[in-house]
Amino acid sequence: MTETPLKHYLLASDFDQTLSFNDSGLVLSELLGISGFEERVAGLARSNLVQQGGELAYLIRHDPEFRGIRREHLVEAGRRVRLKSAIPALVDFMKRGIEGYRFSFYVISAAPREIVISALAGVIPPEHIYGTELEFEPRLGEVVAIKRVPAGYGKVAVIEEIEHRLGVTPDRVVYVGDGSSDVHVMLHVNNNDGFTIAVSENKQLARIAKSTVLSESAFSIMVPILDQLLHWRAGEIRELFESYGLTLQEWEKDRTDRVKISEVLSLGAPVKIVAA
């Protein structure tokens, strides 16, 4: 008898406000004392000069106040990014897989790759992180070119690249995102019978995503994956959460899953994480 091959799924996630709470561009601006970041981004969005999500890359290359940014500034901004809870648990689950299934977890972000790598250091290997690739002048360290920006259709290209390398079929792709810059890649994944999850109440995205989950815990995305994609029973899902020291306290099951998770720290003190 031959063993049934494992079903291989690619889980790709955005970074800003998906695995983190704030836009990394805002964190970088605050680090450097640059004001008006959100207004500049809004102005670029109105002008349609760059793809949504690629505004920070444009500012770094063309805005006088941002052009002094060095690699060390990006690394420090990454250290200051506030991440959602239970990302290590999510990554560990992806590594272990479950009976009949295995997962590959990648992060695809329009934020500078140095920021994302720094923020997720020790949790997600750099080779599993795609971000805006900048070219630095060797002597002064200034940004002299932008090599790649995974924003808009750029994320679609990255998804297809990873699919090809891993040998994953398009119908076994799960994409998680939070905003308008994820619309193109979600439409692409949906059109190929993949599964899409929104983690914000963005109305445009909510109409496209197959599920929306609102929580401050990154592990919460496993609720719609296990429930709708793999057809686990509620009791099995709760048991999985408990195996990672997480308690699924509330689950308002609907097209939008509002999830409250309690995480037990090593000291034994429970911390409540309340859905947005």
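Predicted model: local features only at pLDDT ≥ 70, side-chain atom pairs only at ≥ 80, totals over all residues.

Let's start at F93: skipping neighbours within four places in sequence, this residue is in contact (heavy atoms within 4.5 Å) with I98, F103, F219, M222, L240 and Y244. Numbering runs from 1 along each chain as its sequence is written, and side-chain values use heavy atoms, with hydrogens and water left out.

F93 belongs to the largest nonpolar core, a set of 63 residues in which F93, L120, I197 and F219 have the most contacts. Here a nonpolar core is a set of buried Ala, Val, Leu, Ile, Met, Phe, Trp, Tyr and Cys residues joined through side-chain atoms within 4.5 Å. Buried means under 20% relative accessible area, exposed over 50%, and partly exposed in between, with a 1.4 Å probe and protein chains only. The top contributor to this core is helix 5 (residues 87-96), with six residues. Helices (H or I, at least four residues) and strands (E, at least two) are DSSP runs, numbered from the N terminus.

Now for the gaps. Searching the whole structure turns up one cavity of 30 Å³ or more. The largest cavity holds about 70 Å³ of space. Of the 15 residues lining it, T18, V176, V199, A218 and I221 are the closest to its centre. For the method: on a 1 Å grid over the protein atoms alone, a cavity is a set of points where a 1.4 Å probe fits but cannot get out, and a pocket is an open set with protein on both sides within 12 Å along at least five of seven lines; lining residues have an atom within 4 Å of a point. Grid points are joined across faces, edges and corners, and a volume is the space filled by probe spheres set on the points.

Helix 2 (37-47), helix 3 (55-62) and strand 2 (101-112) each supply at least two lining residues, and helix 2 gives the most, with four.

Helix 3 also has an inward side: E55, L56, A57, L59 and I60 are buried. Those residues pack against helix 1 (24-32), helix 2, strand 2, strand 3 (129-136) and strand 4 (143-148).

Strand 2 is mostly covered, with 11 of its 12 residues buried. Strand 1 (residues 7-13) pairs with strand 2 in the parallel sense over seven bridges; pairing takes at least two DSSP bridges between two strands. In that pair, K7 stands opposite Y101. Strand 2 and strand 3 also run parallel, joined by three bridges, and P112 stands opposite T132 in strand 3.

One last stop: is N190 buried or exposed? N190 sits in helix 8 (residues 183-191) and counts as buried because its relative accessibility is 15%. Not counting residues up to four places away in sequence, N190 touches T196, I208 and K210. N190 and K210 are 20 residues apart in sequence, with their C-alpha atoms 8.1 Å apart in space.
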